[in-house]
Amino acid sequence: MLPKVRPFTAADVETVGDMFSGIPDGWSKNALAESLENDSIKSFVLTDEDAVVAFAAYLVADDAELVFIVTDKTKLRRGYGRILLAETLTALNLPCVLEVRESNTPATKLYESLGFKLLGRRKNFYQNPAEAALIYKREV
């Protein structure tokens, strides 16, 4: 069975919340549940064999901002993040911006491979640990 992208639902909160455990600045299960009530947040999951393996959330207005993407720790390096991003960016069909920790080389390589261009750097943007953010944008 091929991986499938679908909207994030209340039934996914527990699983996705577990994916965020141990991730600095990650969303709590309560924040995930609350995000379902916010019309400006569009969230998606990727399932493989009916199990949720990745999650992405966007803040959507005139453009999209990728707020989070996370993959189940036991499913890393299998292309799930790429599938989820590619399909959701196509579905949203909007310019998209994002911030990523400067040290997160796998993520920056993924974003660049999907057409994101580096716009700049924000010093000390992240905490725990303090780190700069790289700002990327992808046009439609």
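**Rings and burial in a predicted model**

Me: What makes threonine 71 count as buried?
Reply: Threonine 71 has a relative accessibility of 15%, and buried means under 20% relative accessible area, exposed over 50% and partly exposed in between (1.4 Å probe, protein chains only), so threonine 71 counts as buried. This is a predicted model, where local features need pLDDT of at least 70, side-chain atom pairs count only at pLDDT 80 or more, and totals for chains, interfaces and linings use all residues. Residues are numbered from 1 along each chain as its sequence is written, and side-chain values use heavy atoms, leaving out hydrogens and water.

Me: Which residues is threonine 71 in contact with, leaving aside its neighbours within four places in sequence?
Reply: Met19, Val53, Ala54, Leu76, Tyr80 and Gly81, where contact means heavy atoms within 4.5 Å.

Me: Okay, rings now. How many aromatic pairs does the count come to?
Reply: It comes to 9 aromatic pairs. Rings of Phe, Tyr and Trp (its six-membered ring) pair if their centres lie within 6.5 Å; planes under 30 degrees apart count as stacked, over 60 as edge-to-face and the rest as tilted.

Me: What about phenylalanine 44 and tyrosine 58?
Reply: That aromatic pair is also edge-to-face, with 6.3 Å centre to centre and 75° between the planes.

Me: How do you know that tyrosine 58 counts as buried?
Reply: Its relative accessibility is 0%, so tyrosine 58 counts as buried.
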